[in-house]
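Here are my notes on the model you sent over. Have the structure open beside you as you read, and follow the points in order.

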Amino acid sequence: MAIDLAKKRMRGLRAALRKAWMWYGQNRRDAADGARVNAHEWRCAACQKTFKRGDIEIDHPEPAGSLQTWDDLLPFVKRLFLQKCVALCEGCHQKKTNAENDERRARRGKK
Ligand SMILES: [Zn+2]
């Protein structure tokens, strides 16, 4: 029971930090600025096509990863807020996220 509560708290903290990054992540803004082609278009770093800002998502090349213990906190925050991010279109971002999830599942399955 105590473990479940701790897990729930860490999950909440992770969600809160991700939300903070959405608002305040300078690396997020830098990636969007870097991908900007003109006033109305942003370029996807994967397929190189251009999109409206609303169809561009900011990606962490190295996933921010898990936050399960207090020891994970500093590396998690560093990966989330300090690494250089890239702009991807929705389709490319989804593809990358799916690949990462498959890889994580495969790794977990091996244990
Ligand atoms: Zn793309």
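1. What percentage of the 111 residues of the chain count as buried? The figure is 15%. Here a residue is buried if 20 or more other C-beta atoms lie within 10 Å of its own, exposed if 12 or fewer, and partly exposed in between, with C-beta atoms placed from the backbone.

2. A word on the ground rules. This is a predicted model, in which local features need pLDDT of at least 70 and side-chain atom pairs count only at pLDDT 80 or more, while totals for chains, interfaces and linings use all residues. Residues are numbered from 1 along each chain as its sequence is written.

3. Now the overall layout. The chain has four helices and four strands, arranged from the N terminus as α-α-β-β-β-α-β-α. These elements are DSSP runs numbered from the N terminus: helices are H or I with at least four residues, strands are E with at least two. Along the principal axes, the C-alpha atoms fill a box of roughly 55 × 30 × 20 Å.

4. On contacts, two residues qualify if their C-beta atoms, placed from the backbone, lie within 7 Å. Among contacts in the chain with a separation of 6 or more, 62% are between residues 24 or more positions apart.

5. Do look at the largest nonpolar core, which has 11 residues, including Ala 31, Ala 35, Trp 42, Phe 51 and Cys 85. Such a core is a set of buried Ala, Val, Leu, Ile, Met, Phe, Trp, Tyr and Cys residues joined through C-beta atoms within 7 Å. Two or more residues come from each of α2 (26-35) and β4 (86-89), and β4 gives the most, with three.

6. Cys 44 is another member of this core. Beyond its neighbours within four places in sequence, Cys 44 contacts Lys 49, Phe 51, Ile 56, Ala 87, Leu 88, Cys 89 and Cys 92.

7. Ala 46 sits in the loop between β1 (42-43) and β2 (50-51). Is Ala 46 buried, exposed or partly exposed? Ala 46 counts as partly exposed because it has 16 C-beta neighbours inside 10 Å. Not counting residues up to four places away in sequence, Ala 46 touches Leu 88 and Cys 92. Its C-alpha atom is 8.7 Å from that of His 93, 47 residues apart along the chain.

8. Asp 4 is exposed because 8 other C-beta atoms lie within 10 Å.
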